[in-house]
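Hi,

Here's the structure I promised to pass on. Have a look, and then read on for what turned up.

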Amino acid sequence: MMMTPVVKINWEDPIEALPAFITMVVMPFCFSISDGILIGLISYVLLNAFFGNFKNITPTMWVLSVLFILRYIFI
């Protein structure tokens with residue numbers, strides 16, 4: 001059930017495909033769905049910021065990514 005949306009991912013766009021791939025890979029290695037989603041969100045924001053696609057990042061995503069980075073730094 002979780003793999004059916006993978007077909008809808010635009011694998012031609014590395015800014016969209018890489019965070020999705022990272023999310024799918026981190027989930028089984030960390031044994032945590034939430035950690036996979038957190039790492040995927042952080043990587044999505046960082047990749048979009050690195051390539052200058054600031055219009056794709058909402059203020060909520062900025063705040064969440066900063067909070068999640070702080071979570072991993074202080075835990």
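First, is Leu 70 buried, exposed or partly exposed? Leu 70 is partly exposed, at a relative accessible area of 37% (buried is under 20%, exposed over 50%, partly exposed in between, with a 1.4 Å probe and protein chains only). Before going further: this is a predicted model, so local features need pLDDT of at least 70 and side-chain atom pairs 80 or more, while totals for chains, interfaces and linings use all residues. Residues are numbered from 1 along each chain as its sequence is written, and side-chain values use heavy atoms, leaving out hydrogens and water.

Leu 70 sits in helix H3 (helices are DSSP runs of H or I, at least four residues, numbered from the N terminus). Leu 70 is also one of the residues in a nonpolar surface patch of about 1,000 Å², along with others including Trp 62, Ile 73 and Phe 74. Helix H3, residues 59-74, gives the patch its largest share, 9 residues.

You'll find Phe 31 in the loop between helix H1 (14-30) and helix H2 (33-50). Phe 31 counts as exposed, at 77% relative accessibility.

Cheers

Methods
Patch = residues over 30% accessible without salt bridge, like charges linked within 9 Å, V, L, I, M, F, W, Y side chains within 5 Å. Areas by Shrake-Rupley, 256 points an atom, 1.4 Å probe, with all protein chains shown as cover. Salt bridge = Lys/Arg side-chain N within 4 Å of Asp/Glu carboxyl O. Helix = DSSP H or I, 4+ residues; strand = E, 2+ residues; numbered from the N terminus.
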